[in-house]
Amino acid sequence: MADRADERAAMAARFRERGIADERVLAAVRSVPRHAFVPEPHRSGAYDEVPWTIGDGQTISAPWIVAFSAESLRLPDEARVLEIGTGSGYGAAVLAAAGASVVTIERHPGLAGSAREALQNAGYGDVDVRVGDGHAGVPDRAPYEGIVVTAMAQDELPPALVEQLAPGASLVCPVGRGGHGTLFRYCDGVVEKLLDVRFVPLVAG
Ligand code: SAH
């Protein structure tokens, strides 16, 4: 598989222009081979700013929102981070490449399995991939210095996720209905609106 480092460098440069300033996130975007997480037949467009389908009716988020969400966590160095919605594994790889110790949970066992394999092959085999309903978080590894949700929660921030935050840690989570909603950051009891977004729904059970 070609390395495609030039496409990643161009993508990181675009993100910098669009306001991403966290050097750890930009370096991660330059280093993680996104094409290894995008299935054929979309692999040639892996660095386009689009959310490709990855099977089981799910998508790999467009690259900019992955970088924006990671930066919005305002992670300390050596953070433990929980991601809800592993999908392709790309978002987890970006967090790991940015220096975090990553736990990620996916409700589709098939997707979790392929994500685990892609992470392993790309050198991120220490990412802890779980299968289950992310609404409950992953309490046995809590607390987290950051939690990011990559599917749209209905109506509210999942209460279990708020409980699994370390003091001063942020939860970045889209909340909405029918695919449309708002990306929020919750930190120490304060909720901030970040931007309008589209995500697949966070499914119960
Ligand atoms: N971070 C992913 C984005 C995947 S899209 C990536 O980089 O590719 C969101 C994912 O959330 C989908 O794979 C979907 O199956 C998963 N999902 C939806 N509801 C969930 C839930 N309740 N618990 C865990 N995962 C869920």
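Here is a short tour of the salt bridges in this structure, one stop at a time.

Before you start selecting, note that this is a predicted model, where local features need pLDDT of at least 70, side-chain atom pairs count only at pLDDT 80 or more, and totals for chains, interfaces and linings use all residues. Residues are numbered from 1 along each chain as its sequence is written, and side-chain values use heavy atoms, with hydrogens and water left out.

The structure holds 12 salt bridges, each being a side-chain nitrogen of Lys or Arg within 4 Å of a carboxyl oxygen of Asp or Glu. Side chains of opposite charge can pair when their charged atoms come close.

**First stop: Arg4 and Glu7.** Select these two and show their side chains: they meet in a salt bridge, with 2.6 Å from N to O. Arg4 is buried, at a relative accessible area of 16%, while Glu7 is partly exposed at 29%. Here buried means under 20% relative accessible area, exposed over 50%, and partly exposed in between (1.4 Å probe, protein chains only).

**Next: Arg16 and Glu23.** In this salt bridge the closest N and O atoms are 2.9 Å apart. Arg16 is partly exposed, with a relative accessible area of 41%, and Glu23 is also partly exposed, at 43%.

**Then: Asp22 and Arg24.** Their salt bridge has its closest N and O atoms 3.0 Å apart. Asp22 is buried, with a relative accessible area of 15%, whereas Arg24 counts as partly exposed at 26%.

**Last stop: a network.** Select Asp128, Arg130, Asp140 and Arg141 together, and you will find them linked in a network of salt bridges.
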